[in-house]
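Dear colleague,

Please find below the structure that I am handing over to you. My findings follow directly after it.

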Amino acid sequence: FGSSHFGSRLELKAATASFLLQFFDLPFASSAPLSTAMAPPQKSDLVPYVNTWLWPSVTLLGASSVWFGVYVGKVTNSHEWKELFLDYCHHKRTIYSPNPLDKVASMVLRALRITPK
């Protein structure tokens, strides 16, 4: 750095420090010279918040729409996932010992199966 680019030794130190600190991505690394680093912030047109509700809302709405479309059959016409789910539920009901209402229901269905029509 030549002395013609910087007005004082302090500006040279500030420029060197900010150049070296930019590689470490530290929160206190600033490109502002040290003489203005402690100055009050300048008025800006930026809003003091970030809009965080739009894209999560759009994502939730999109995912819900896709799941509902699958459920009603507009996205996929093969209702294979419903059959797989019913098979899974039936497997879970038959592999474990049934509760008393299931025992009664299976006895009624067995009786209806053997009675003449």
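In this predicted model, helix α5 provides six residues of the lining of the largest pocket, the largest share from any element. Helix α5 spans residues 100-114, and α4, covering 80-95, also supplies at least two lining residues. The space in this pocket amounts to about 260 Å³.

The residues that line the pocket are His 90, Arg 93, Thr 94, Tyr 96, Pro 98, Asp 102, Ala 105, Ser 106, Leu 109, Arg 110 and Arg 113. Sorted by class, four of the lining residues are nonpolar, three are polar and four are charged.

One lining residue deserves a separate remark. Leu 109 belongs to helix α5 and is among the residues that line the largest pocket. Leu 109 is also part of a nonpolar surface patch, together with Val 104, Met 107, Val 108 and Leu 112. The accessible area of this patch comes to about 480 Å² in total.

As to the chain as a whole, its secondary structure consists of five helices and zero strands, so that the order of elements from the N terminus reads α-α-α-α-α. The chain has 117 residues, of which 5% count as buried.

With kind regards

Notes:
Residues are numbered from 1 along each chain as its sequence is written. This is a predicted model: local features need pLDDT of at least 70, side-chain atom pairs count only at pLDDT 80 or more; totals for chains, interfaces and linings use all residues. Side-chain values use heavy atoms; hydrogens and water are left out. On a 1 Å grid over the protein atoms alone, a cavity is a set of points where a 1.4 Å probe fits but cannot get out, and a pocket is an open set with protein on both sides within 12 Å along at least five of seven lines; lining residues have an atom within 4 Å of a point. Grid points are joined across faces, edges and corners, and a volume is the space filled by probe spheres set on the points. Helices (H or I, at least four residues) and strands (E, at least two) are DSSP runs, numbered from the N terminus. Ala, Val, Leu, Ile, Met, Phe, Trp, Tyr, Cys and Pro count as nonpolar, Asp, Glu, Lys and Arg as charged, and the others, Gly among them, as polar. Patches are made of residues with over 30% relative accessible area and no salt bridge: like charges are joined within 9 Å, nonpolar side chains (Val, Leu, Ile, Met, Phe, Trp, Tyr) within 5 Å. Accessible areas come from the Shrake-Rupley method with a 1.4 Å probe; for residues, only the protein chains shown count as cover. A salt bridge is a side-chain nitrogen of Lys or Arg within 4 Å of a carboxyl oxygen of Asp or Glu. Buried means under 20% relative accessible area, exposed over 50%, partly exposed in between (1.4 Å probe, protein chains only).
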